[in-house]
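Please examine the sequence and the structure shown below. The paragraphs that follow lead through a few of its parts in turn.

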Amino acid sequence: MSTNPLFELTQAGQSIWYDNIERKLITSGELKRLIEEDELRGVTSNPAIFEKAITGSDLYNDQLRELAERNESAVEIYEELAVRDIQSAADTLAVVYEKTGGTDGFVSLECSPLLAHDTAATIEEARRLWRWVDRKNVMIKIPGTPAGMPAIEQCIYEGININITLLFSLESYEQTVQAYLRGLERRLLENKPIGAISSVASFFVSRIDTAVDKRLQEMIDKSSSDQEKATLGSLLGWIAIANAKMAYQRFKEVFHGERFARLKAAGAQVQRPLWASTSTKNPAYRDVHYVEELIGPETIDTLPPATLAAFRDHGVVRLTLEENVEEARARLRRLEEIGISLDEVTAQVLADAVRLFVEPFEKLLAAIESRRDEILGRAASSTATD
């Protein structure tokens, strides 16, 4: 009997989370099946995922109608729909949370992307959602923007589980780690418990290669030197992986170092790196490229449905995060030498990522508003007829 590669990932020390949520996933028993048969250990969500789920399913209609008839706004309706899904997923994942001693079994709910550049509003939003969902195995997602960093520290200090999302650069990863440590240290100074606080740092992968590869291909097309083309070509599809490997090296330094050792002695949990955006955008690459090349202990990979199915079918497991680390550093140096600034790329990708979450969120609100008005219009018409 062949071994499920997803189980092999768990044995290698990497947890698999599902980058997808919809009501049918829970009501059909599919989430429970994924937990039992594929060793799934968590769920992540974002505005784009909820936009697809809510507008693409009739399972939300009854609740939406009820909320519309209570005259709730589009934002209030969205939050009610989303929170119910998050609570249901958290309840299903509670068995994983208990089995792993609170290490896994989490479901993540994102703060409104409209608040990504507002520290105070993000803190208040995280507090409100944390209280509302009211599950110990939920994480509130805060983006790794400059405004997000102080919000992360404050929320960790207040004992809220945080998933820091949209991390692309090593600098933002470093800031995230420091925010987590400071939040825990502030609690410890006040003799507050720190053992039940969980956090992950969601480091995005394939989107970086999408941006870098475009620039590399433009340079290849303009070059008349075969040697130069070969040099440029050797970087295609590997910069994002090299970047993630450097983040992992920093993770090991910090969380197996002296400063964290003091926190660990007081019960603190490691803030694991979570590899996000691991679907392959370029069809020329292996469809599990970004999963296979980032396997290592104390990490998480959140997979969308197609990538999870592909890895289950033909994924190969080996401890790749520790392979060719010096070559990864060399690739990053070569990128700078040929004139492509990874700092500039990651800054642009972050700005684009925030926008790409705002757009589906606004589209979702517009769809809910339209559906709400339709329901209320029908209700008013029926009352007038009666």
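This is a predicted model: local features need pLDDT of at least 70, side-chain atom pairs count only at pLDDT 80 or more; totals for chains, interfaces and linings use all residues.

Glu39 is a residue other than glycine, and yet its phi has a positive value. It is placed in the loop between helix H3 (30-38) and strand E2 (40-44). With a relative accessibility of 11%, Glu39 falls below the limit of 20% and therefore counts as buried. A second residue may be set beside it. Glu298 is not a glycine either, and has a positive phi of about 60°. Glu298 is found in the loop between helix H14 (289-292) and strand E8 (299-303). Its relative accessibility is 28%, so Glu298 counts as partly exposed.

The buried residues of H3 are Leu31, Leu34, Ile35 and Asp38. When one looks down the axis of H3, these buried residues fall within an arc of 115°, and they therefore line one face of the helix. Which elements cover them? The cover includes helix H1 (5-11), strand E1 (14-19) and helix H2 (23-27), together with E2, H6 and helix H15 (305-314). One of the buried residues, Asp38, also takes part in a network of salt bridges that links it with Glu30, Arg33, Glu37 and Arg312.

Side chains of opposite charge can pair when their charged atoms come close. The structure holds 41 salt bridges, and three of them are described here. In one, the side chains of Glu98 and Lys136 meet, with a distance of 3.1 Å from N to O. Glu98 belongs to helix H6 (residues 74-99), whereas Lys136 lies in the loop between helix H7 (119-133) and strand E4 (138-143), so this pair ties together parts that are 38 residues apart in sequence.

Another salt bridge joins the side chains of Glu185 and Arg259, at 2.8 Å from N to O. This pair links distant parts of the chain, since Glu185 is in helix H9 (residues 170-189) and Arg259 is in helix H13 (residues 258-265), 74 residues apart. Glu185 counts as partly exposed at 24% relative accessibility, and Arg259 counts as partly exposed at 29%.

How far apart in helix H17 are Arg355 and Glu359? They are 4 residues apart in this helix (residues 342-385), and so about one helical turn separates them. Arg355 has a relative accessibility of 38% and counts as partly exposed; Glu359, with a relative accessible area of 41%, is partly exposed.

The last topic is the packing of two helices. Helix H10 (residues 206-222) packs with helix H11 (residues 226-233) at an angle of about 170°, and their axes are 9 Å apart. Because of this angle, H10 is roughly antiparallel to H11. Which residues meet in this contact? On the side of H10 they are Leu216, Met219 and Ile220, and on the side of H11 they are Lys229, Leu232 and Gly233. The residues of this contact divide into 4 nonpolar, 1 polar and 1 charged.

Notes
Residues are numbered from 1 along each chain as its sequence is written. Side-chain values use heavy atoms; hydrogens and water are left out. Axes are lines fitted to C-alpha atoms, for helices over the stretch in contact, and angles run from 0 to 180 degrees between N-to-C directions. Angles under 35 degrees count as roughly parallel, over 145 as roughly antiparallel, 65 to 115 as roughly perpendicular and the rest as oblique. Contact means heavy atoms within 4.5 Å. Ala, Val, Leu, Ile, Met, Phe, Trp, Tyr, Cys and Pro count as nonpolar, Asp, Glu, Lys and Arg as charged, and the others, Gly among them, as polar. A salt bridge is a side-chain nitrogen of Lys or Arg within 4 Å of a carboxyl oxygen of Asp or Glu. Buried means under 20% relative accessible area, exposed over 50%, partly exposed in between (1.4 Å probe, protein chains only). The arc is that of the directions from the helix axis to the C-beta atoms.
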